[in-house]
Amino acid sequence: MGLEHLLEALERDADAQVEQTLAQARAEADRITTESAAALEQRCRETTSARDSARMQEVEHAVTLARREARRSILEARERLLERVFTAARAELPAAAAGPAYRASLPAALSGALAAVGSDQAVIHCPETLALDLERARPRGHKAVAVVVDAAGGSGFRVASADGAVEIDDTLESRLDRLRSILARRVLAQLELET
């Protein structure tokens, strides 16, 4: 084997070693490229997921705020409606107090109020339109009870002990106020049925 063959053998070995090194480098480059692409894709998914999650939270927050605002608007509208209903009802109370049904109920209501005050010395405050009816409705044992006309007292009557320590308010306005929550539920239930 001559020098020429030796040089050829060394050249072949060098070429083979170069090819092997190049193949290893290509394989390593392909592996790095694949890992980098996978890592980049994972980061993109994570970023997209985080951005989507943040957007979803923003949307949910906006929906929650919109629902609260809608509920507030509904509650305010209901309150305005109830206020109009009760204002209209209050306007009808003087006529109701002048009606025969209310006047027929006066003796029992007055007896109950006088019993609650628990004194023969009491004062009945009422509008002028009810004064005569209340004097007639006054129980026999309560002749010392005075009937005083009070034009600003409302529709109905109030009974106060002589010392003013106890007062029973049996005006239609106070009855309406005591029943307001029950009546409000009924009005709103009726409104729901009609819509």
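Buried means under 20% relative accessible area, exposed means over 50%, and partly exposed lies in between (1.4 Å probe, protein chains only). This is a predicted model, in which local features need pLDDT of at least 70 and side-chain atom pairs count only at pLDDT 80 or more, while totals for chains, interfaces and linings use all residues. Residues are numbered from 1 along each chain as its sequence is written, and side-chain values use heavy atoms, with hydrogens and water left out.

**Stop 1: the sheet**

Helices (H or I, at least four residues) and strands (E, at least two) are DSSP runs, numbered from the N terminus. Select the four strands: they form an open sheet in the order 2-1-3-4, with mixed pairing (two strands pair if DSSP finds at least two bridges between them). Strand 2 and strand 4 are the edge strands, each pairing on one side only. From one strand to the next the twist averages 20°; axes here are lines fitted to C-alpha atoms, for helices over the stretch in contact, and angles run from 0 to 180 degrees between N-to-C directions.

**Stop 2**

Now select strand 3, where six of six residues are buried. G156, R158 and A160 point one way, and F157, V159 and S161 the other. In a regular strand the side chains alternate between the two faces of the sheet.

Strand 3 pairs with strand 1 in the antiparallel sense over four bridges, and R158 is the bridge partner of H125. With strand 4 (residues 167–171) the pairing is also antiparallel, over five bridges, and here R158 has D169 as its bridge partner. Follow the chain from strand 3 to strand 4: the two form a hairpin with five residues between them, and G164 in the turn has a positive phi of about 80°.

**Stop 3: salt bridges at R158**

Show the side chain of R158, which counts as buried because its relative accessible area is 14%. A salt bridge is a side-chain nitrogen of Lys or Arg within 4 Å of a carboxyl oxygen of Asp or Glu. R158 forms one with D150, the closest N and O atoms being 2.5 Å apart, and another with E167 at 3.2 Å, N to O. D150 is partly exposed at 21%, as is E167 at 44%.

**Stop 4: the helices on the sheet**

Select helix 2 (100–117). Helix 2 lies across strand 1, strand 3 and strand 4, at about 15° to strand 3. Helix 3 packs on the sheet and touches strand 1, strand 2 and strand 3, its direction making about 140° with that of strand 1. In helix 3 (residues 128–137), the buried residues are L130, A131, D133, L134 and A137.

**Stop 5: the core**

Which residues have the most contacts inside the largest nonpolar core? They are L110, I124, L134, F157 and V159, in a core of 26 residues. Such a core is a set of buried Ala, Val, Leu, Ile, Met, Phe, Trp, Tyr and Cys residues joined through side-chain atoms within 4.5 Å. Helix 2 gives the most to this core, with six residues. Centre on L134: leaving aside neighbours within four places in sequence, L134 is in contact (heavy atoms within 4.5 Å) with L106, L110, I124, C126 and F157.

**Stop 6**

Finally, select R180 and E79, whose side chains meet in a salt bridge at 3.5 Å, N to O. R180 is in helix 5 and E79 in helix 1, so this pair ties together parts that are 101 residues apart in sequence. R180 counts as partly exposed at 26% relative accessibility, and E79 is partly exposed at 42%.
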